Amino acid sequence: MYCTIVCKINSTIDVISSTSFGFDSKANDDRSEENPFVKTATEMFAFNLLGTVIKHFVPMSVLKWIYKRRRAGKPEGGFIGEMSQEIVKQRRTTGVRRNDFIDLLVNASVSEEELKSDDYNKFTANDDKDGE
């Protein structure tokens, strides 16, 4: 039973890492416990009965206060957020494309200068094949 659950979680982690971030996490590898992505993702998928019960019965304002106190001093987004920013930075500098979610985000990003311009036609989708 344990192996079935762990293998399913690790397979899910492999799919997420390849389709979202464009890399093979090797979550089913013997050394997967050493991989920070696998470790972080496994913690995210972990089920905590007490936490679930608390979330249902404690007022939202108290939960927000607890969350802010626990996150104080930690980087926004944690390991996954830092990794995502680093991958985006690498993709922009090297021009490497992997046909994944990060590529969609990089392609959809708009600079401040483009937002301030009056040419909004380039931000809209149109059916013309000529781009006119």
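## Notebook: helix packing in a predicted model

I started with the contact between helices H2 and H5. From H2, the residues Pro 36, Phe 37, Thr 40 and Met 44 take part, and they meet Phe 79, Ile 80 and Met 83 of H5. I sorted this contact by class. I found six nonpolar residues, one polar residue and no charged residues.

I noted that this is a predicted model. I therefore looked up the confidence next, since pLDDT is the predictor's confidence in each residue. The chain has an average pLDDT of 75. At least 70 is reached by 74% of the residues. I then went through the elements. Helix H5, residues 78-94, has the highest mean pLDDT, 84. Helix H1, residues 2-21, has the lowest, 72.

**Entry: the whole chain**

The chain has seven helices and zero strands. Read from the N terminus, the order of elements is α-α-α-α-α-α-α. I checked burial too. The chain has 132 residues, and 22% of them count as buried. Then I turned to contacts between residues at least 6 apart in sequence. Of these, 40% join residues at least 24 apart.

**Entry: how H2 and H5 pack**

I wanted a way to describe two packed helices. The angle between their axes and the distance between the axes do this. For H2 (residues 36-45) and H5, I read an angle of about 135 degrees. Their axes are 9 Å apart. How are H2 and H5 oriented to each other? They are oblique. The cut-off explains this, because an angle over 145 degrees would count as roughly antiparallel and 65 to 115 as roughly perpendicular. I also looked up the handedness. H2 and H5 cross in a left-handed way.

**Entry: how H5 and H6 pack**

I moved along to the pair H5 and H6. The axes come within 10 Å. They cross at roughly 65 degrees. Is the crossing of H5 and H6 left-handed or right-handed? It is right-handed. On the H5 side I listed Ile 87, Val 88, Arg 91 and Arg 92. They meet Ile 102, Asp 103 and Val 106 in H6. By class, the contact of H5 with H6 has four nonpolar residues, no polar residues and three charged residues.

I followed Val 88, which is found in H5. Is Val 88 buried or exposed? At 17% relative accessibility, Val 88 counts as buried. The reason is the cut-off, because buried means under 20%. I then looked for its contacts, leaving aside neighbours within four places in sequence. Val 88 is in contact with Ile 102 and Val 106.

Leu 105 is 17 residues away along the chain, and here the separation is 8.5 Å.

Leu 105 sits in helix H6, residues 101-108. I found a relative accessible area of 42% for Leu 105, so this residue is partly exposed.

**Entry: the loop between H5 and H6**

My last stop was Asn 99. Where does Asn 99 lie? Asn 99 is in the loop between H5 and H6. Its phi is near 55 degrees. That is a positive value in a residue other than glycine. The relative accessible area of Asn 99 is 75%, so Asn 99 is exposed. The cut-off for exposed is over 50%.

Key. Residues numbered from 1 in each chain as written. Predicted model: local features only at pLDDT ≥ 70, side-chain atom pairs only at ≥ 80, totals over all residues. Heavy atoms only, no water. pLDDT = per-residue confidence, 0-100. Helix = DSSP H or I, 4+ residues; strand = E, 2+ residues; numbered from the N terminus. Axes fitted to C-alpha atoms, helices over the stretch in contact; angles between N-to-C directions. Parallel < 35°, antiparallel > 145°, perpendicular 65-115°, else oblique. Left-handed = near helix turned anticlockwise from the far one by under 90°. Contact = heavy atoms within 4.5 Å. Nonpolar A, V, L, I, M, F, W, Y, C, P; charged D, E, K, R; others polar. Buried < 20%, exposed > 50% of the residue type's maximum accessible area, 1.4 Å probe, protein only.
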